[in-house]
Amino acid sequence: MKHETRSTEHKTRNSDAARNTCSKTMLHASCFMSNSRRGGKGFTTIELLITVAILATVAVVTADIFASHYLLFGSLSTTLETERSGFLAIENIRGATLGARRILGAATINGVPYSSGTSTLILELPAVDISGNLLPALYDTVVLYRDPTDQTKLWTETAVAVGSARQTTKRLLSDFVQDLIFLYNNNTVSSATQVDVSLIVSRATRATTPETPLSLTIDLRNP
Amino acid sequence: MFHASGSMFHSRRHGASGFTLIELLIAISILASMFVVIAASLKISRIAQQSAHQALAYGIASSLLEATAGLPFTELQNRATGTPLGIFPPHGTWEVKTDPNARSASNTLALTGTSTAISGISGALRIPTNAFGDFTAEAALKVPTTAPSGWSAGIVFRTLDFEHFYRYSLKSDKLLLERVQGATTTELWSQPASLATSTWYRPKVAASGANFTLYLNDTQYASVSDATYASGILAIASGGGTLLSADDVIVSSPSSLSWNFDTTNPGALPAGWRRPWIQDLPKATAALTIADWNGLSGIKKITAQVQWKEESGIKTIEITTLRSRY
């Protein structure tokens, strides 16, 4: 009997200790054990369901945070990339036009014929050698054009005179063109002295289609 | 959270209520993470938008200056008004709208917001063609019933800028051809007429050399001569602070072009009609000023300034150049 009494006291102490641990930390694994010990049962169905529901809620909230984060930063990086492409394109047009001698109505550049118009601008630039000296009566030709087969692309292509420091190139300035128009202050384009450029670049993200409108008026310095 | 939910049951069993510290900390952490993500994203978004605004503002300021580069020095008179010179940007807010009474169903090009009148122009939008000397152009125009009594609607042509153009106008009481030259507006021809609001009218101009033939609804009304401006751009314009609808814009010579705006989404502008300008910036203004440099009338200081409003305050881009007579 004496032995049984001690044993019962020992169990009671253990049970109290476990309960104290649970009430203090709420995190001790024995909390659940102590519940079982006390009632001699596991979790009730309702406890399990609530736990699962809370876990699911937390998972959804966390996933939503990451998804929002992913979408927002994806959208922002697309916007920035589109903007950069627009800035690059407009600066290239500005740079080419400022150095131009005149607008050409038509030209064959690297074997391809082009005509200046609302979506194509051909410029003649004085050729310079590697030391920056003008090459008399020699000219480089630059064409800026919207790709007729893929209107989202804006290309520039250069054909150079012998001895010119410029290089024969074909470069993609932007592949996000939504709208581009060259308008001239003379209907005979080769006599024009001013070009108005309107460029709108945009690219769809999952959420929106942000656009960057850019505008430029260039007066030819050496018409 | 798993443990926390266990503790919740535990607390309930003991009759306790509320959250434990760890539950509170986890909840705060989740909320804080969400706020940090949202705040960071908004900040980056704002920076991206501001950089786009800056690029456009720089383009506008640079265009204002560039447009003066080709003008003769004598045209560079001192000015404080800020009116652009040598360029004719969009004036007012324009967009395609669905109109059940469109002349050709179902969309029209609409001036939905006027701007401060310059040379009597409350709203104007360039027809996207090159500058023409000889041409034939027409547009169906309608002003709303709410138009102010001094309304006018018409076509401006051989336009160099807001101070140099011809204007064929329809007004409530007359048809009118004017020449605007600086601050002077000269009436070249007029004829009394009784024109109503909310009615489509179709003015047409045929220009050949110094001769202009004017029509309304296919009826010829006048033939006028003036040789002041040989070439310039075409635009649709309103005056007297009225809003305006346009439809079936046709340039039949020297090119054959037409727009009925029916394939353009409402709220947008057709390809080519949109010239990015201050209407693409929040609450923006653009101004060109010219003054003598250091009191020397032979050297002009030309300043282009664009201002717009960001959440952080008013932003300004200002570019200045000097132009010498010599």
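**View 1. The hairpin of E2(A) and E3(A).** Two residues sit between strands E2(A) and E3(A) in this hairpin, and Asn110(A) in the turn takes a positive phi of about 50°. Keep in mind that this is a predicted model, where local features need pLDDT of at least 70, side-chain atom pairs count only at pLDDT 80 or more, and totals for chains, interfaces and linings use all residues. Residues are numbered from 1 along each chain as its sequence is written, with chains lettered from A and ligands numbered from 1 in the order in which they are written. E2 (residues 106-109) and E3 (residues 112-115) of chain A pair antiparallel over four bridges; pairing here takes at least two DSSP bridges between two strands. Ile109(A) faces Val112(A) in E3(A).

**View 2. Chain A, end to end.** Chain A has three helices and ten strands, these being DSSP runs numbered from the N terminus (helices H or I, at least four residues; strands E, at least two). Along the sequence the pattern goes α-α-α-β-β-β-β-β-β-β-β-β-β. Of its 223 residues, 31% count as buried, that is, with 20 or more other C-beta atoms within 10 Å of their own, C-beta atoms being placed from the backbone.

**View 3. The open sheet in chain B.** Six strands line up as E4-E13-E6-E7-E8-E9 in chain B, with antiparallel pairing. Strands E4 (123-126) and E9 (184-192) of chain B are the edges, each with a single partner strand, so one side of each has no neighbour in the sheet.

**View 4. E8(B) against E9(B).** Eight bridges tie strand E8 (residues 174-181) of chain B to E9(B), running antiparallel. Arg179(B) has Thr186(B) as its bridge partner in E9(B).

How values were computed
Buried ≥ 20, exposed ≤ 12 C-beta atoms within 10 Å, placed from the backbone.
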